[in-house]
Amino acid sequence: MIQINSVAEDLTIDPKKTKHLPALDGAKERLHLFKGNLLEEDFFYFMVEGCDGVFHAASPCFVITSNPQVELIDPALKGTLNVLGSWAKNPSVKRVVLTSSIAAIAFNGRPRALEVLWYALSKTLAEDAAWNFTKKKGIDMVTINPSMVIGPLLQPTLNTSAAAILNLINGSQTFPNSTLGWVNVKDVANAHIQAFEIPSANGRYCLVESVAHYSELVKILQEQFPTFHLPEKSVDDKPFMPTYQVSKERTKSLGLEFIPLKQSIKKTVESLKEKKLFT
C-alpha cells in the first residue's frame, strides 16, 4: 500500500486549507500530514526519509503583492532548494516531480511588459535554480509546467485560477484583454503521477489543453449558462491579444488525453456552486 507524507504550511491557523485532506478516500490509512516551513533549511529531511518519490507543488500563486520578495520569490526559490536539498541526502528517493508553471517558460527572454510579473519571475527563478541544483547533484527531476488550472476544486477555498472564472460570472462588467492557456486540474494531477511512474519521463512537460482569449471563455459560459449576467466588453479598447499554440507532442508520452476546455469550464462553475463560492 502506498504511503503519502504531505507537508502543509500550517495545520491550525486556517484549517479550511487542509481539513478536506483527511476526508479523502484512504487518507486515514495512507496520508500523513506534517506542519512545514518552506524557508527552513533541512526541515524536509525527515519528511522524505524512506520515500520513493517527492512531489514538490508548494509555491504561492497570486498576482498582486506588496512584498514580492517575501511573499513570492523566497517561498518559491528557497523553498524549492530546501526540498531538493533534503532529497539529495535521502538515497531512497528515486525521482522528484516539481510543479513549475508555463509562466517559467512564456516570459523568458526579452521583457514583454513594463511592469514586473512577480509570479512569473518567482517560478522562473525557482525552476532555473532547481535544474542547476539537480544537474550538479546528479538528481533525477521532472518538471510539470501547467497553464491556468481550472476544473473541480478539491479544497473549499478559492484559488487564483478558479477566481479567473468566478470573476467572469460574478457581475463583472468587463473581461480581461488577455489570452492564456487552460488545462483541467485532473490532467495536471495525472501528469504528475505519470511523470514519476514512467521511467523514460524527463525534462519539462507543458500542460495546455487550449489557448483562449477571455472573450472565448465568455462565449462558452454564455452557451452553458444562458441565464448568467456576463461581461460584454473588454477592459480596454485595444485589439484582442492574439492566440498562440503550445505543442502537445511531449505530453503524449505521458499518455495524457486532455479534458476539453468547455468541459473544464462547466466543471469549474459547478464546483464553485458546490463549494458555495458562487450562488
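**Entry 1. Gly-53 and the sheet**

I looked up the bridge partner of Gly-53 and found Arg-95 in E4. The model I am reading is a predicted one. E3 and E4, the latter made of residues 95-99, pair in the parallel sense over 4 bridges.

I then traced the sheet. It is open, has 4 strands in the order E3-E4-E5-E9, and its pairing is parallel. E3 (53-56) and E9 (203-207) are the edge strands, each pairing on one side only. From one strand to the next I noted an average twist of 15 degrees.

**Entry 2. Helices on the sheet**

I checked what lies on these strands. Helix H3, residues 68-88, lies across E3, E4 and E5 (141-146), and runs at about 175 degrees to E3. Helix H7, residues 185-197, also packs on the sheet and touches E3, E4, E5 and E9. The direction of H7 makes about 155 degrees with that of E4.

**Entry 3. Helix H10**

I compared the length of H10 (residues 261-274) with expectation. At 1.5 Å a residue its 14 residues should span 20 Å, and the end C-alpha atoms are 20 Å apart, which agrees.

Next I listed buried residues in H10: Leu-261, Ser-264, Ile-265, Thr-268, Val-269, Ser-271 and Leu-272. They cover an arc of only 165 degrees around the axis, so they sit on the same side of H10. The general rule is that an α-helix has 3.6 residues a turn, so residues three or four places apart point the same way.

What covers these buried residues? I found that the cover includes strands E6 (148-150), E8 (179-184) and E10 (210-213), along with helices H6 (160-169) and H8 (214-224). Just after H10, I noted that Lys-276 takes a positive phi of about 60 degrees.

**Entry 4. Nonpolar cores**

I looked for the largest nonpolar core and found one of 25 residues. Ile-169, Trp-182, Tyr-214, Leu-217, Leu-221 and Leu-261 have the most contacts inside it. The elements giving two or more residues to this core are E6, H6, H8 and H10. H6 gives the most, with 6 residues.

Leaving out residues up to four places away in sequence, Trp-182 touches Ser-147, Met-148, Ile-150, Ala-164, Ile-165, Val-208, Glu-209, Ser-210, Ala-212, Tyr-214, Leu-217 and Leu-261. Of these, Leu-261 is also one of the buried residues of H10.

Conventions. Residues are numbered from 1 along each chain as its sequence is written. This is a predicted model: local features need pLDDT of at least 70, side-chain atom pairs count only at pLDDT 80 or more; totals for chains, interfaces and linings use all residues. Side-chain values use heavy atoms; hydrogens and water are left out. The expected span of a helix is 1.5 Å times one less than its number of residues. Buried means under 20% relative accessible area, exposed over 50%, partly exposed in between (1.4 Å probe, protein chains only). The arc is that of the directions from the helix axis to the C-beta atoms. Contact means heavy atoms within 4.5 Å. Two strands pair if DSSP finds at least two bridges between them. Axes are lines fitted to C-alpha atoms, for helices over the stretch in contact, and angles run from 0 to 180 degrees between N-to-C directions. A nonpolar core is a set of buried Ala, Val, Leu, Ile, Met, Phe, Trp, Tyr and Cys residues joined through side-chain atoms within 4.5 Å.
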